[in-house]
Amino acid sequence: MESLQIQSIGNFLAYYKTDLNYIKKFQEFKSNPSLASEYITKEIGSFYSFLIEFRVVRNFTNGATDKLLDETLLWINSKDPDNVDAFAEKLAQTTLTRGKIMSSMASKILFLNNPWEIIPMDSLARKTLEQKENKYVIYKNNLNRFREINDLTFEKCLDYTKPLTTLIHKDFNELEKLDVICKNRFVDKLLWTMGNKAFH
């Protein structure tokens with residue numbers, strides 16, 4: 001196993017349970033939007049905590065977490081909930097992102113809604129994919145090629161971590177297709193690790 005793969009496994013395992021908890025809490029909120037006031041606190045697994053950990057809290061107006069959550073709820077109940085670029089443009093039309101198109105932030109938020117399909121986009125992932133454009137539709141095409149090329153690596157690393165992820169999954173039985181989420185989170189961490197190395 002190569003050093004890069006070992007680093008990716010370490011990054012993946014360090015954050016995987018926390019990631020699943022963020023997804024679980026969002027899915028619970030989606031099923032019961034009346035929980036919004038609790039969900040925007042600084043509690044573990046909350047929307048606000050997620051925005052801090054995923055480094056997007058600086059991308060929107062201070063003190064507007066509740067409004068961002070409202071916009072997110074409206075979007076995920078729209079006819080095209082997985083359209084990251086359109087969501088970023090919609091947020092730019094509000095005062096939330098100060099008129100800027102924040103595609104990375106939009107992808108991270110919509111990942112909570114559909115972790116089975118959406119892998120967040122950030123500068124490190126784009127660096128790995130040699131993508132300059134800050135567009136999710138381009139990222140998705142590049143990502144698909146990356147997945148095809150590296151599929152054997154993913155499977156080898158996931159097999160290696162399976163005894164540990166199986167234990168983690170016992171706390172998240174309410175989430176569907178955990179195997180798909182697991183693979184997507186590892187893909188994300190491999191992209192991140194490769195991109196981080198490319199900066200050095």
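**Ground rules.** I am working with a predicted model, where local features need pLDDT of at least 70, side-chain atom pairs count only at pLDDT 80 or more, and totals for chains, interfaces and linings use all residues. Residues are numbered from 1 along each chain as its sequence is written, and side-chain values use heavy atoms, with hydrogens and water left out.

**Fold.** I looked up the elements and found nine helices and zero strands. Both are DSSP runs numbered from the N terminus (helices: H or I, at least four residues; strands: E, at least two). The C-alpha trace spans about 45 × 40 × 30 Å along its principal axes.

**Helix 1 and helix 6.** I checked how their axes lie: they come within 8 Å and cross at roughly 70°. Axes are lines fitted to C-alpha atoms, for helices over the stretch in contact, with angles from 0 to 180 degrees between N-to-C directions. The two helices are therefore roughly perpendicular (65 to 115 degrees). Next I listed the contact (heavy atoms within 4.5 Å). Tyr22, Ile23, Phe26, Gln27 and Lys30 of helix 1 meet Phe111, Leu112 and Asn113 of helix 6.

**Largest pocket.** I noted a volume of about 650 Å³, the space filled by probe spheres set on the points, which are joined across faces, edges and corners. A pocket is an open set of points on a 1 Å grid over the protein atoms alone, where a 1.4 Å probe fits, with protein on both sides within 12 Å along at least five of seven lines; lining residues have an atom within 4 Å of a point. Of 26 lining residues, Phe54, Arg55, Lys108, Asp122 and Trp192 are closest to the centre.

Conventions:
Parallel < 35°, antiparallel > 145°, perpendicular 65-115°, else oblique.
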